[in-house]
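Please read them alongside the sequence and the coordinates.

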Amino acid sequence: MTSTSTLERAAGDRLAPVQWTRAQWMLLLVLCTVLALDALDVSMVGVALPSIGAELHLGTESLQWIVSAYVLGYGSLLLLGGRMADLLGRRRIFLIALSVFAAASLLGGLVDDPALLIATRFVKGLAAAFTAPAGFSIITTNFAEGRERNRAVSIFTTFGASGFSLGLVVGGLMTALSWRWTFLVSVPVAVAVVILGLKYIPRDSAAGKEQDSGHDVWGAVTLAAGMLGLVYTLVSAPGNGWGSVATIAGFVASAAVLAAFAVIENRVKHPLIRFSILKEGWVARANLSAVGLFGSYLSFQFILTLYLQSVLGWSPLGMALALLPTGLLVASSAPFADRLIDRFGAPRLILTGLASLTLGYVLFLRVGTSPNYVTDILPSVLLLGVGFALAFPSINVQATAGIRNAEQGLAAGLIQTSTQVGAALVLAVTTAMVSGHGNASDPGAAVDAAAMLEQYRPGLILSAAVAVTALVIASAPSRRRKTATTGS
């Protein structure tokens, strides 16, 4: 009888709705808004790329840097951002970085020089590198592990995915006015969230002096320099020649700097990455899955945006509305993403999501120069929405489950670093595959739709291949099982 009562109580605990106070809901709203703003920024500017290229006379290679500067700045310092949030106080880091993000957004919307525009994008990425892991670790330290945290993380990450997807529509609307509004629209939102954050983010204390003996600045510098060098070399390789001295020297120098990063991480007292954390639970596979998920999609969107607008002549708003179902599917999944994770387990949802994403890319390869939206584009759009809705929150839950509170910032920074740096690398390879081929690199050249499609097709195939690789990795059997991990 006692055993039955215990089981009944346990079942009741699992099924009982999670109840939060108004302060907890407001805290979650503040954090989710900032993550959505970060993601919105990437996709809004993606829609505006053809307009930016036409006004500032930029080709495909230069346009790629408007995207890559942000995700590289974001990814290269995420680990430092997560560590500094743990050591210096999550609230302080979050609010300062968000203020910098607002200032860089304002400047980016006012400049005319392409180099300065790219620089502001990099600064915004650096700011997001501190807000994202700080926000994530504020959640994981203010919501108890289990159903409560699963729900909070699911809502948080779904806001990020929704911001990225719905940013296509917002970007289309803003670009119809001017591409500059894709930068300026973030400013008032960021300022309002800073004000709300001052009220609703709980004060937290910095780490003790015994832990606050260095922030691994050299690790952050070598990681950022190595990744920037690698992406620059990949993008420049088609023009310089893959066997040229400049290309070979670029790869060698990048590898040497990244090797120095690995050496530093093994010797410094408080490294950006404690490499042994990758052996815990699903951490390694979750991070590789994130690379496949976001890297494949960002590259797919980059090619799709240029092709639909520059070749087929679609308006920015028309293209954004065509892709709206993806954003609606991701956004509508927020209320029940945590229940899906509780019922089916995060690993199963990751596999299902990556499979849906892969099928969407493969189906899109059928698209020709005169596509029918309902039969040729909409099926892929729906599959991509389902894939993101299932996989994105599940990957984030798996990446941080079972990690002790003192390293939640590290785990949060690591998964987001994988997402952003992976996206930058896949996008760089994609750009290298399509740039330097006549019309593909010159937006002012006469466009032949069939030839352009063939130039872009290798990049579309790469997106599918990256997603397949992530699916295979996520399908690999676990070497060991941690009870703290969500799902099975």
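1. Helices here (H or I, at least four residues) and strands (E, at least two) are DSSP runs, numbered from the N terminus. Helix α15 itself covers residues 337-344, and its buried residues are Ala337, Asp338 and Ile341, where buried means under 20% relative accessible area, exposed over 50%, and partly exposed in between, with a 1.4 Å probe and protein chains only. Because these residues cover an arc of only 100° around the axis, they lie on the same side of α15; the arc is that of the directions from the helix axis to the C-beta atoms.

2. Before going further, please note that this is a predicted model, in which local features need pLDDT of at least 70 and side-chain atom pairs count only at pLDDT 80 or more, while totals for chains, interfaces and linings use all residues. Residues are numbered from 1 along each chain as its sequence is written, and side-chain values use heavy atoms, with hydrogens and water left out.

3. As for the overall picture, the protein chain has 19 helices and 0 strands, and 57% of its 488 residues count as buried. Contact means heavy atoms within 4.5 Å, and among contacts between residues at least 6 apart in sequence, 85% join residues at least 24 apart.

4. Helix α4 (residues 78-88) deserves a separate point, since 11 of its 11 residues are buried, so it is largely enclosed by the rest of the structure. The buried residues include Arg83 and Asp86, together with leucines such as Leu78 and Leu88. After α4 comes glycine 89, with a positive phi near 115°.

5. Two packed helices are described by the angle between their axes and the distance between the axes. Helix α10 (residues 217-240) and helix α11 (residues 245-267) pack at an angle of about 160°, with their axes 8 Å apart; axes are lines fitted to C-alpha atoms, for helices over the stretch in contact, and angles run from 0 to 180 degrees between N-to-C directions. The two are therefore roughly antiparallel to each other, given that angles under 35 degrees count as roughly parallel, over 145 as roughly antiparallel, 65 to 115 as roughly perpendicular and the rest as oblique. The residues of the contact of α10 with α11 divide into 13 nonpolar, 9 polar and 1 charged, with Ala, Val, Leu, Ile, Met, Phe, Trp, Tyr, Cys and Pro counted as nonpolar, Asp, Glu, Lys and Arg as charged, and the others, Gly among them, as polar.

6. For helix α16 (residues 346-364) and helix α17 (residues 373-400), the axes come within 7 Å and cross at roughly 155°, so α16 and α17 are also roughly antiparallel to each other. Their contact has 19 nonpolar, 8 polar and 1 charged residues.

7. Which residue has a positive phi although it is a residue other than glycine? Histidine 57, with phi near 60°, lies in the loop between α2 (22-56) and α3 (60-76) and, at 71% relative accessibility, counts as exposed. Most residues other than glycine have a negative phi.

8. Finally, valine 185 is found in the loop between α8 (181-184) and α9 (186-200), and its 24% relative accessibility makes it partly exposed. Not counting residues up to four places away in sequence, valine 185 touches Met44 and Met174.
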